[in-house]
Amino acid sequence: MSNPSKALRDFTYGLYVVTTEINGEPKGAVVSFVTQVSSSPKAVAVGLRKGTAIHDFVRQTGKFVLHVLSVEQKSLAESIYKSGQGADLPQELALGKTESGLPLLRDALSWVEVRVTEEAGEKTDHRLFIGEVVDGDKIRDGKPASLFDVGLSYGG
Ligand SMILES: Cc1cc2nc3c(=O)[nH]c(=O)nc-3n(C[C@H](O)[C@H](O)[C@H](O)COP(=O)(O)O)c2cc1C
């Protein structure tokens, strides 16, 4: 019998953390449904599951920071993933701020800051947030993680 879920899990996904700020509180979640969708203007798309805290916060604020994690940062991803509840971030994370004041994960490989310009996904369980890249930088050298490399999976 055919199995499209198995094929979808063979797609190449990266390991990212989305952060945003709500009422002065930093919030964040591990995500992998991420891709660049335009060069001019520079734009990316992120799929966030409807009904989750991070989905609601990004929809409310219309802005977020997307951080790229490296192959040796599976445990960092797990600490964020397991802290769970309401997209709260673990206390021990090294957080700075972008120029516009959004939470910046100092240990990431690189980051982009995004302003949401469009949404899609009326018929899907994740909503696609498409947004323009307004800032960003590389923090340090390293190998960007793929979910396959770090032995994690999502979706399918
Ligand atoms: C490897 C991995 C990849 C994930 N990718 C996504 C993603 O692309 N989109 C998403 O909405 N949640 C993703 N999640 C789930 C979120 O990290 C998080 O569990 C969810 O936002 C928690 O929601 P809740 O606590 O509000 O229920 C992923 C989790 C893991 C472990």
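In which strand is threonine 20 found? Threonine 20 is part of strand β1, which covers residues 16-22.

## Basis

The model is predicted: local features need pLDDT of at least 70, side-chain atom pairs count only at pLDDT 80 or more, and totals for chains, interfaces and linings use all residues. Residue numbers start from 1 along each chain as its sequence is written.

## Fold

The protein has four helices and nine strands, taken as DSSP runs (H or I, at least four residues, for helices; E, at least two, for strands) numbered from the N terminus. Their order from the N terminus is α-β-β-β-β-α-β-α-β-β-β-β-α.

The C-alpha trace spans about 50 × 35 × 35 Å along its principal axes. Of the 156 residues, 31% count as buried, meaning that 20 or more other C-beta atoms, placed from the backbone, lie within 10 Å of the residue's own.

## Threonine 20

Threonine 20 counts as buried because it has 23 C-beta neighbours inside 10 Å. Beyond its neighbours within four places in sequence, threonine 20 is in contact with Lys27, Phe57, Val58, Thr61, Lys63, Phe64 and Leu102; contact requires C-beta atoms, placed from the backbone, within 7 Å.

## Ligand shell

The ligand is surrounded by 19 residues, the closest being Val31, Phe33, Arg49, Thr52 and Tyr154; the criterion is a C-beta atom, placed from the backbone, within 6 Å. β2 (25-31), β4 (42-49) and α2 (53-61) each contribute at least two shell residues.

Technical notes: A residue is buried if 20 or more other C-beta atoms lie within 10 Å of its own, exposed if 12 or fewer, and partly exposed in between; C-beta atoms are placed from the backbone. Two residues are in contact if their C-beta atoms, placed from the backbone, lie within 7 Å.
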